[in-house]
Amino acid sequence: MSAETFFVTTPIYYVNDAPHIGHGYTTVMGDIITRWHRQRGEDVWYLTGTDEHGQKVLRKAEANGVSPQEWVDKLVEDEWKPLLETIDVANDDFIRTTEQRHLDGSKAFWQDLQDRGAVYQGSFSGWYSVGSEEFVGDDDVADGEGDDEGFKVSTLDGSRVEHMTEENYFFRLSDYQQQLLDFYEANPTFIQPESARNEVISFVSRGLRDLSISRSTFDWGIGVPWDDKHVMYVWVEALLNYVTAIGYGADQERFEKIWPADIHIVGKDIARFHAVIWPAMLMAAGQPVPHQVFAHGWLLVGGQKMSKSKANGIRPDEIVDTFGSDAYRYYFARALTFGSDGSISWEDISARYHAELANGFGNLASRVAAMIGKYFDGTLPAAGDLTDAELTVIDTVAEAVRDADAAIEAVAPQDALAAIWRIVDELNGYITDQAPWKVAKDESQGGEGGRLATILHTAAEGLRVLAVLLNPVMPKASAVLWDSLGAEPALGVLADQRIDAVAAWGQLPAGTVVTKPASLFPRIETAAE
Ligand code: MSP
C-alpha cells in the first residue's frame, strides 16, 4: 500500500557549474505535476536539491583555487537556490548532500546494508569517468579523437575516462538481477516511458556485476561508517538523498509517511542509476521501492544535446527575463513531449508566446472582462436560459478536465495542456459566434438573465475553469485572472480549487466584481539574439 504522501523528486544537480535550462526543465515539470496533484486535494511533497560531493565538483573547486565546501556554498546560494524563484517552483524541501541530515542518514543506510550482508571489501581496477561520475566497462572505452586525442573516452557519453586501481567496498548488485527483472515484469509502469523501460530491461537481462561503492583516493565525500579511509561513491550517496531528506534513520514515522517516492523524475541519462541500482539498494536494505521512475528526453538546441560543455547551455533567466516565468513553464510543458528528445528555439518560444498565450488566452481573458465592464459596470450578471451553444461549452469543459487529469496521471503534461487549450479555443469560437457586441445593440436582450448576460456569464465561467486548470502551469497569470474575475470572495483562494470540482457549472455568483486584468501576456517586440 502506498504511503499517505504523494512524493515527487527531481535529480539532485551537480554543483560544478551554474544551472542551465536542461536542469530548469526537469524541475519545472516536477513542479507542474506536483501542483496539479495538490489541486487534486492530495498531500504532496516535492523535493529537489544539489549533489555536492565527488571528484567532478572537487576538481572544479581546485581549478578555481577554492575549497570544495566554499565552492558549493557559493554556487548553491548564488545560483541554484535563486533558480527556483526564477522559474517559480514551489518545492517543499531542498536537500544539499553536504547537510548533516544527509551525512547521518547515508551512514545509517550503509550500516543497514552492511548489517544485512550486502557489502564486501575488494579491489577495483578499471575505467572511471569523472565527467559522468561512472565506472565504465572495458567494452565501452575507445580511443579519443579530435580534442580528446591521446585520451581514452567512454562510448556511452563521450566523456574522458581514467584508469584506476583502488581498494573499494562493493555492493552485491549481481544478486538482484532476477529480483529486478521480476519486479519490472510485475510493475510495468515502474520505469517509463517504454523506450527507457526496454533499455533498462535489456541492460539487466545481460547480467549485472557487483558495484564498487566507495572510493579511497580522495576525501570529498561522506566517510564509510566503519572505515574512514573510504568515502561513499558519489552516485550511491546521491541516490540516498531521496530517503535522507525525509527522515531515514532519524524520524521513522515521518519517513514511513512519505516513502516510497511516487515519482522520481530524471533525465534519460540517469535512468539506469534510478531504475537498477537504486531499487536494488532499497531491496537490500529491506525498504519499499519507488512507484515510478520517469525518464525524460534531451533538450536539443540547434539539433544538439544542450550542455554547458558544448557551450550551447542557455541559462533559464535568459528566457525568463524576456518572456516571464509563466511563459517559460508553459513553453517547456507544451512544446515538448515529456519522455522524448525535443528541439527548442527562441523563434519557437516567441511564436507560441504570441499565438497561444498573448492572442489565444490573454486576449480572451481581457476581452471578456472588458465587456463585463462595459455592459454591466463590472458586475457579473446572472445567466438566463442556456442554449445549445452554452451546453457545448459546458460539455467541452467537462471533457477537457477529464482528459487533462488523465494526461497528468500518465505523466504527459503536453497532452494536459492540449486538452486545456480546447477550452481556450472553444471559448474564443463561442464569443466570435455569439458576438456579444452585436447582441448588446438589441435592448431587449440586455439586463440580468438576458442573452448578453448569459453569454458573458458563460465566458466568465470558462475563464474560471481556465484559471484553475492553468494554475499548476502558469501560477502568476492564473492568479491575476482569478483576481480579475473577483472569484476569491465567493470561491476561496485559487490554490484550493479542486480539479475534480472545477467543471461543475455556475460557481461564480451573480454580483461578483469583475475587473479588467493587466495584460497577462503583453506583446514583446524585441527579438533577442
Ligand atoms: N547529480 C546527478 C544526479 C543525481 S540524482 C540522485 C546528475 N546531475 S546533473 O547536474 O548532471 O543533472 C542531471 C539532470 O539534469 C538530468 O538527469 C536531466 O534531468 C537534467 N538535464 C541536464 N541536461 C539536460 C538536457 N540537455 N536536456 C534535458 N535535461 C537535462 O546527473
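Me: In what order do the strands of the open three-stranded sheet lie?
Reply: This is a predicted model, where local features need pLDDT of at least 70, side-chain atom pairs count only at pLDDT 80 or more, and totals for chains, interfaces and linings use all residues. Residues are numbered from 1 along each chain as its sequence is written, and side-chain values use heavy atoms, with hydrogens and water left out. Strands (DSSP runs of E, at least two residues, numbered from the N terminus) pair if DSSP finds at least two bridges between them. The pairing in this open sheet is mixed, and the order is 17-16-18.

Me: Which strands are the edge strands?
Reply: An edge strand here pairs on one side only. That applies to strand 17 (304–305) and strand 18 (342–344).

Me: Which residue is the bridge partner of Leu299 in strand 18?
Reply: Strand 16, residues 299–301, pairs with strand 18 in the parallel sense over three bridges. In strand 18, the partner of Leu299 is Gly342.

Me: Which residues touch the most other members of the largest nonpolar core?
Reply: Such a core is a set of buried Ala, Val, Leu, Ile, Met, Phe, Trp, Tyr and Cys residues joined through side-chain atoms within 4.5 Å. Buried means under 20% relative accessible area (1.4 Å probe, protein chains only). This core has 107 residues, and those touching the most other members are Phe332, Trp421, Leu466 and Met474.

Me: How many residues are in the second, separate core?
Reply: Its members include Leu47, Phe135, Val236 and Ala245. The number of residues in this second core is 68.

Methods
Buried means under 20% relative accessible area, exposed over 50%, partly exposed in between (1.4 Å probe, protein chains only). Helices (H or I, at least four residues) and strands (E, at least two) are DSSP runs, numbered from the N terminus.
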